[in-house]
Amino acid sequence: MLCKRKKIHLCRVISRRIKSNQLHSLVLRIMTAVTNQDEIHMTTPELIKVHGYISETHHIWTEDGYCLDVHRVLPPKADENSCCDLSVDNVKILSDGRASEARIPILILHGLLSSSADWVLLGPKKALAYALCDNCYDVWLGNARGNAYSKKHRQYTTRDREFWDFSWHEVGYYDLPATIDYILEQTGYTELYYVGYSQGTTAFYVMASEKSEYNWKIKGMVSLAPIAFLSNQRSPLLKFFVHFYGLMEWGSSYCNVHQWFPRNRLQARALSTIIRNAPGSLTKGFCVYWFYLIAGFGSDQLDKSMLPLIIGHFPAGASAKQIIHYSQNILSGSFRKFDYGAPENLKIYGSTQPPKYDLERVKTPIVIFYSENDFLTDPADVKKLVDRLPNVIETQKIEYSKFNHIDYLWGRDARTLLYNTILTVLKRFR
């Protein structure tokens, strides 16, 4: 068996020797297919290395005993300082007093059922992680507890009910602070930038309202497809299932179903093989339809040839309690803590109703990106959020009217429609 690099090299040699433009194009398509097929089964660090960057994996322990794998993206050694300048923001003073070019740390956190892989699947020059790395940022890709990369605990295993007793509240209350403190300690900075997507924004709002001291550790926050209020979400699938969240709670409690949609390599391999080999109009159309039921119909941004690669990394797992918590907020129309029922709420919170998160305490400068065709972040809910946050410096609607919830991650034009603007916006926080 040829290794991936040898396969690609062979394809390139063949393509150079073929004079016909048509055959040349065919070989390039084969080369891309070989590349994607290999990447389906890789981990995030392996993807980063194959894409030509340096990868580091850091193990971070939370206050309540979870181990989180955080993946760092660094440029190739030859390019380490090629894009940096000695502006005030990019200068770090070494112990001997010399000025050194430095990369400002930026933490990116994924959405529900996702992982750090989301930010590299589009590949070099296209994926957000690489766009930031190429523009002098020290990129850290977070992984929330319970996903494919964060399944360790000091006391429990994933077979224990106690391991899965968390929602996105705990992701914001424990995971984010632990990750931020670790990055700042490792890099020597006192502040970092933060990019949150979907649940990654929810967790940030939890942290910044519950542990307000962390507002001063974030230089600026980019909120992609923000989720706090959900009463106007338009997903037909969620509209149907949300009324059965009580059944989900029952299943979690009595049927010992605490984890939803875990990443299983064997399952992902089988599903990806089916998608690659079955008639495209059947399998790819079916997968795209299910994505659109949740994310929004009509977008042309999802490249169907990427589906095997996406399915190889998504979903990456979550606790049932995370999904139940979102369901509760959809029905209540509020952004509030987990509802355990009146008797338990009284014991835990001191009131029969779960308390709302105080968004007035979120002091970090925030820029919000949203889109009209995103079924999960309706413009009315975005406005409700913006009206309650005290330091939103800008709200931007993505120009492409059909841009939906998954296009933030895998849209073929995400670099031009969104990521380049993020690079511009980050400079405003300096």
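**Notes on a cavity, a helix crossing and the backbone**

1. Sorted by class, the residues that line the largest cavity are seven nonpolar, three polar and one charged. The model is a predicted one, and in a search of the whole structure four cavities of 30 Å³ or more were found, of which the largest has a volume of about 60 Å³.

2. To find this largest cavity on the screen, look for its lining residues, which are L68, V70, L107, L109, G142, N143, A144, V171, D175, L176 and T179. Three elements, β2 (66-74), β5 and α5, each contribute at least two residues to the lining of the largest cavity, and α5 gives the most, with four residues.

3. Helix α5 also takes part in a helix crossing. The axis of α5 (residues 168-187) comes within 8 Å of the axis of helix α12 (residues 320-332), and the two axes cross at roughly 110°. Because angles of 65 to 115 degrees count as roughly perpendicular, α5 is described as roughly perpendicular to α12.

4. Which residues in α5 and α12 meet? On the side of α5 they are W168, H169 and V171, and on the side of α12 they are Q322, H325, Y326 and N329. By class, this contact between α5 and α12 has three nonpolar and four polar residues, and no charged residues.

5. P315 is placed in the loop between α11 (307-311) and β11 (318-319).

6. L113, although it is not a glycine, has a positive phi of about 70°. L113 belongs to the loop between β5 (104-109) and α4 (128-134). Is L113 buried or exposed? Its relative accessibility is 14%, and because buried means under 20%, L113 counts as buried.

7. C136 is another residue other than glycine with a positive phi, here near 80°. C136 is found in the loop between α4 and β6 (137-141). With a relative accessibility of 5%, C136 counts as buried, so the cut-off of under 20% applies here too.

Key. Residues numbered from 1 in each chain as written. Predicted model: local features only at pLDDT ≥ 70, side-chain atom pairs only at ≥ 80, totals over all residues. Heavy atoms only, no water. Axes fitted to C-alpha atoms, helices over the stretch in contact; angles between N-to-C directions. Parallel < 35°, antiparallel > 145°, perpendicular 65-115°, else oblique. Contact = heavy atoms within 4.5 Å. Nonpolar A, V, L, I, M, F, W, Y, C, P; charged D, E, K, R; others polar. Buried < 20%, exposed > 50% of the residue type's maximum accessible area, 1.4 Å probe, protein only. 1 Å grid on protein atoms, 1.4 Å probe; cavity = no way out; pocket = protein on both sides within 12 Å on 5 of 7 lines; lining within 4 Å. Points joined across faces, edges and corners; volume = space filled by probe spheres on them.
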